[in-house]
Amino acid sequence: MVNWQISATKSFIYKVCVVGDGGVGKTSMVLRYCENSFKENYIMTIGSNFSTKQIELEDYPNYLIKLQLWDLAGQKHFSFVRPPFYRGATAIVYVFDLTRRSSFQNILDWKAEVEKVIGNDKPYLLVGNKIDLAEQGNREVGEQDGEALKDEIKAIAYYETSAKQDVKIEPVFKDITLAILKKTKKI
Ligand code: GDP
Ligand code: MG
């Protein structure tokens, strides 16, 4: 007798907001992840964009997961438009620029702004971007500082990435997806 193993596909869509100061590389990270491309020219995000990407998890082949990545305008003067975009987020990626100390110091403010809207029971991850520039002698935030902030804010992980050179971009979105699945008891 043949035992047909039917493993039903489980489909989920998760909204993930990518948050941090203007110019840290949020749009670039999303572009790298979703389209595997990079643009040198700075185009300021007005309001918000979102891109969707299906994520493959080797350990969960029957899970069909789409990440809806929301990339918010980082400029402080757009703060009035931001709260609605946090609504419904299942996870947050906080991004600073390893070559700009102020963007690191502002992470706590970003976290407070987000948590006013969605509370703090959603998983979040901390990213220091532009590791390529940091390694050329422009580093303003040490790896230890990043790790310490990750512990302080209880983020699920800390990664030093480069959207430009495609360093650690995939792991950021994989980790956050696994954290969402765990938190929502889907795995
Ligand atoms: P956002 O305002 O946070 O969305 O930042 P953008 O993605 O628009 O990036 C701001 C600028 O930094 C752009 O000129 C990008 O080309 C550049 N940039 C973004 N990520 C990296 C990176 O990993 N390395 C380098 N060298 N430049 C980057
Ligand atoms: Mg942007």
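An oxygen atom of ligand 1 sits 2.7 Å from a polar backbone atom of Gly-23. This comes from a predicted model. The protein covers 92% of the 580 Å² of accessible area that ligand 1 has on its own. No disulfides are counted.

**Polar contacts to ligand 1**
- The side chain of Thr-27 places an N or O atom 2.8 Å from an oxygen atom of ligand 1.
- Lys-164 contributes through its backbone, with an N or O atom 3.3 Å from a ligand 1 oxygen.
- Gly-23 also uses the backbone, at 2.7 Å.

**The shell around ligand 1**
- The shell holds 19 residues.
- Gly-23, Lys-26, Ser-28, Lys-39 and Asp-132 come nearest to the ligand.
- By class, the shell has five nonpolar, seven polar and seven charged residues.
- Helix H1 (26–35) and helix H5 (131–138) each supply at least two shell residues.
- H1 gives the largest share, three residues.

**Cysteines**
- The cut-off for a disulfide is 2.5 Å between the sulfur atoms.
- Cys-34 is likewise in no disulfide, with the sulfur of Cys-17 as its nearest cysteine sulfur.
- Is Cys-17 buried or exposed? Cys-17 is buried, because its relative accessible area is 0%, and the limit for buried is under 20%.

Note on methods:
Residues numbered from 1 in each chain as written. Chains lettered and ligands numbered in written order. Predicted model: local features only at pLDDT ≥ 70, side-chain atom pairs only at ≥ 80, totals over all residues. Heavy atoms only, no water. Near = heavy atom within 4 Å. Polar contact = N/O pair within 3.5 Å; in protein donor to acceptor, adjacent residues only side chain to side chain. Areas by Shrake-Rupley, 256 points an atom, 1.4 Å probe, with all protein chains shown as cover. Helix = DSSP H or I, 4+ residues; strand = E, 2+ residues; numbered from the N terminus. Nonpolar A, V, L, I, M, F, W, Y, C, P; charged D, E, K, R; others polar. Buried < 20%, exposed > 50% of the residue type's maximum accessible area, 1.4 Å probe, protein only.
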